[in-house]
Amino acid sequence: MNQPGSFAEDSDVAVDGPFCRSEELAAITKDLMNEGCWAVFLSSDTGLGASTILRKLTAAEQGSVPVLNLHGSTSLTNIAYGVMSAYVGIAEILHENSRVHVLRSFVAEFQRLSERLEHGYLDPKRVPLIVVNDGHCLDHDTAELLALLAMTGTAKLIVSYSQRHLLPEQLRKLWFFGIAETISLVPLDQNAGHRFCSELVAGKVLPATSWHYWSLAAGTPLLMNLLLTHDKRRGKLHRHLGSWVVEEGSSDYGEDLQDAIGSALLGLSSEGRDALNLLALSEPVEESVFQQMVSEVVIKELYDWRLLQHTHSAPPALGFFTPIFGEVIRALIPATQSRKLYQQLLGFIDGEPKNNESLLRLVLWALETEVPISERLILRAAVFACKLYQSDTALKLADRIFDEKYALRVSMVKARAKYNLGEYQEALHLLGERLEAVATLEDLLFGSLLKAATRLALGMGAAAVSRDAENLRNAGARLANPRVLDAEKTLAQAQDIAALVDLMAMSCTGEYSKMADLSDTLIRHRGTATGFSGLSRAMAMAMDSERLTAQGLPLKGLARAMAAYAIENDEGSDVFFLPESIMQRQFIAILCAGDWKLAAEILKQFSLDAGPLMSSLGGSANVIRGMVLMRSGHLRQALASLTTGIEALRISDPLQLQGFCTAMTAYVSARLGQVVEARQLLDEHVESSGMFIVLAHERAYAAATRYTLESHHILPAQHVGVTALLQQANQAHTEGSFMIELNALALLFELGEPNLNHRISVLAAAVEGPWALGLGQYADALDRQSGADLLLAAETLERSGMFAFAKLALDEAEKLLKLQGADLAANTARAWLQRVSTELADENHSSSDRPGHTPLTRREREIANMAAAGHSDRIIADMLKLSLRTVEGHLYRTYGKLGIAGRDELKAAMAVG
């Protein structure tokens with residue numbers, strides 16, 4: 001029987017899935033092996049996998065010790081020893097001295113189980129184990145008897161219980177006595193959720209797809225299992241270009257999922273269920289409104305059941321802790337009841353919802369229940385749906401707007417939805433050439449930036465965008481005639497938007513030196529920072545962030561992008577993707593500065609908070625992560641991230657990063673020796689058409705790939721790669737784009753091109769950020785042939801996470817110091833180099849990639865690399881402060897893992913590895 005607040009994990013509802021609780025199972029096993037621990041309490045919420053853990057534990061333990069399984073039940077909570085009926089006769093339970101009889105039955109059952117083991121107790125040092133599921137439902141007498149068995153050392157207990165309820169007091173006392181441990185199950189984090197999805201479909205899953213299921217299920221394994229299984233069965237989850245992808249659009253949820261959620265709500269009060277219906281139809285609902293409609297007692301009940309949580313919005317709003325609950329409950333509410341609840345909610349709302357998500361839900365609810373609602377609100381909801389990348393919803397809402405005065409904006413909304421879907425030609429057709437028909441300033445400005453972005457996405461170039469800017473100025477002058485109130489303000493705002501379009505054209509061509517004055521004029525805007533004035537200032541600051549970064553000032557560029565976020569902007573006043581544009585330039589600044597830690601922190605926050613944007617921007621996140629890993633020297637990890645990024649960007653690429661990602665992937669592949677794959681990627685590469693700083697990096701990585709392929713004789717040795725990189729560096733220097741220059745020179749430097757030391761050291765001194773600092777110190781030390789300064793540069797590089805350059809610096813330092821007779825310093829450099837090399841080798845040349853070989857441990861690989869370099873066992877022992885026997889033992893195990901006979905074959909084996 002299913003328990004209140006628990007999923008039917010043991011029923012046919014659940015589909016077998018991958019086991020994702022190995023760490024928790026190991027922790028339980030470790031505690032049970034502890035002589036001082038006699039009980040482990042497993043605290044769990046619905047569907048988190050407690051029952052699965054107990055099954056795994058039983059299967060693992062029952063071959064070593066007697067294991068007795070009990071299952072609590074609400075129907076037996078008030079029946080003494082009722083849960084024991086499977087092991088104890090009714091007569092014993094009803095006997096006036098039933099406790100003694102039940103205890104004897106326990107002992108007899110343990111003896112019977114012991115005799116069934118192959119040789120009695122396989123582990124005579126261990127006592128029997130009692131496994132209890134849903135321990136919060138145990139009756140008083142059973143709980144007391146179990147506590148007695150634990151306290152007397154007769155048996156050990158593992159008891160799962162719901163976080164929504166308390167364990168019986170008799171069991172809780174074991175914890176207070178210090179002989180029990182508690183382990184709490186928590187939802188899977190995003191990385192674990194991604195692994196779970198990949199294992200469930202036995203293939204590669206795009207991060208945006210795993211995020212979809214992880215977020216809907218709030219990390220609950222059973223719900224993720226049911227969602228994936230249902231969508232896979234009906235074809236919504238399918239393979240695309242080798243990866244599993246979930247389609248956008250509405251879903252129907254199968255009976256298995258409905259039954260599971262129904263089981264989870266058993267025991268909730270009727271008032272609580274009514275409140276959930278209201279929440280499902282209106283979420284996110286403003287907290288103040290919900291508090292007026294629902295009593296404090298019911299709200300507390302929903303919090304206690306972990307059904308309710310605050311959303312990240314202003315003003316404060318409430319939604320489901322597990323979003324899929326809302327999706328399923330909404331689908332089950334009859335239309336008549338839904339209409340009644342809608343009218344009830346309207347009575348408590350003062351005006352319009354202040355939260356955009358609340359407005360979107362309200363509008364969709366009104367249309368579903370056929371309640372009249374203004375087309376102005378439908379338009380506002382459609383704009384917000386676009387910004388949430390709910391393109392199908394945006395198109396459906398736009399089709400419900402018929403008033404001619406909204407015709408132009410409806411076309412713009414549809415164009416944004418088509419842009420989201422990558423249908424750029426259709427988007428441009430919808431944007432059209434309607435400036436002559438525009439009657440208001442608002443209509444003139446609405447969608448003008450989107451049109452420029454669409455032209456760039458289609459590769460139409462800066463000239464076409466510049467013409468759009470001129471047309472905007474002419475249309476603004478027409479609207480700002482003497483008969484129009486605030487004609488001067490109208491003209492100024494039209495000029496501002498036209499100036500932004502001009503900035504977009506300059507960004508496309510890399511005319512950064514020309515952007516400063518224009519950006520500064522918009523940033524010092526004379527109007528208030530609201531509405532379109534806010535949009536123009538924020539976008540101008542984002543564009544100036546790009547300029548500053550390109551000119552070698554990424555830290556100032558980052559500060560400018562961060563300030564752009566703080567500007568108030570009316571989200572309903574335009575369909576342009578302002579937050580994404582700011583975010584993209586923020587990441588460009590971080591990556592060019594070389595602050596990998598900050599990049600990781602913001603990426604993590606983005607993946608948690610991005611919501612529906614993950615479906616469209618997930619590929620962009622892979623590009624950022626891949627570049628961080630590549631620049632830090634972790635090439636195999638970078639390749640995995642970038643390869644996934646290419647697949648995701650083929651589906652959705654709103655920021656125009658596919659060409660950049662392809663070029664980086666080709667370069668990393670070539671560096672790893674995967675020259676055939678690199679050549680194929682280079683042949684497939686099509687240049688991006690967005691920001692020039694991105695395009696410049698893209699061209700640099702493509703040129704570096706050609707350089708590498710030429711050195712491997714995959715391409716004719718025509719020096720095309722080195723020539724292209726030098727030309728780019730020289731051109732960037734002339735234009736003052738020092739970051740672009742430094743990136744091109746750094747690639748040549750890393751690939752071994754000579755005579756660049758002095759130029760790089762001088763240039764890097766003028767560029768901000770830890771990446772330039774480390775690179776400059778390294779080049780300067782090389783230029784002066786200073787072994788000591790090379791060690792200092794290596795320290796800076798390692799601290800900055802630039803491990804590949806740190807390795808190069810240490811290698812040069814060791815050689816120089818040895819030539820200069822500084823043997824002690826050379827030995828230090830050698831040991832340090834070995835450590836850095838080992839870290840990179842473990843990741844970039846893992847023996848686990850070779851079938852038939854067991855992976856080497858980090859210490860084994862470190863010693864093997866030193867031995868392969870010619871160091872004797874004694875020298876290795878001295879350098880690593882190990883005993884000679886330890887070193888010999890590590891090498892012996894290494895030979896076995898690598899399948900070689902001895903030291904003579906080690907160098908070749910490690911090179912392959």
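What share of the contacts with a separation of 6 or more comes from residues 24 or more positions apart? In the protein chain it is 69%, where contact means heavy atoms within 4.5 Å.

**Before you start.** This is a predicted model: local features need pLDDT of at least 70, side-chain atom pairs count only at pLDDT 80 or more, and totals for chains, interfaces and linings use all residues. Residues are numbered from 1 along each chain as its sequence is written, and side-chain values use heavy atoms, without hydrogens or water.

**Whole chain.** Select everything. The protein chain has 45 helices and 10 strands. These are DSSP runs numbered from the N terminus: helices are H or I with at least four residues, strands E with at least two. Of the 913 residues, 57% count as buried. Buried means under 20% relative accessible area, exposed over 50%, and partly exposed in between (1.4 Å probe, protein chains only).

**Helix α20.** Select residues 424-431. The buried residues here are Tyr 424, Ala 427, Leu 428, Leu 430 and Leu 431. They sit on the same side of α20 because they cover an arc of only 160° around the axis, taken from the directions from the helix axis to the C-beta atoms. Turn to the face away from the buried side to find Gln 425 and His 429, which are exposed. Step just past α20 to Gly 432, with a positive phi of about 60°.

**Salt bridges.** The count is 32, with a side-chain nitrogen of Lys or Arg within 4 Å of a carboxyl oxygen of Asp or Glu as the rule.

Go to helix α26 (residues 531-550), where Asp 544 and Arg 547 lie three residues apart, about one turn. Their side chains meet in a salt bridge at 2.7 Å, N to O. Asp 544 is buried at 4% relative accessibility. Arg 547 is buried too, at 12%.

Next, select Glu 470 and Arg 473. Their closest N and O atoms are 3.9 Å apart. Both are in helix α23 (residues 461-479), about one helical turn from each other. Glu 470 is partly exposed at 40%.

Then pick Glu 750 and Arg 671, a salt bridge of 3.4 Å, N to O. Glu 750 is in α36 (residues 738-750) and Arg 671 in α32 (residues 658-671), so the pair ties together parts 79 residues apart in sequence. Arg 671 is partly exposed at 30%.

Finish at Asp 45, Arg 164 and Arg 306, linked in a network of salt bridges.
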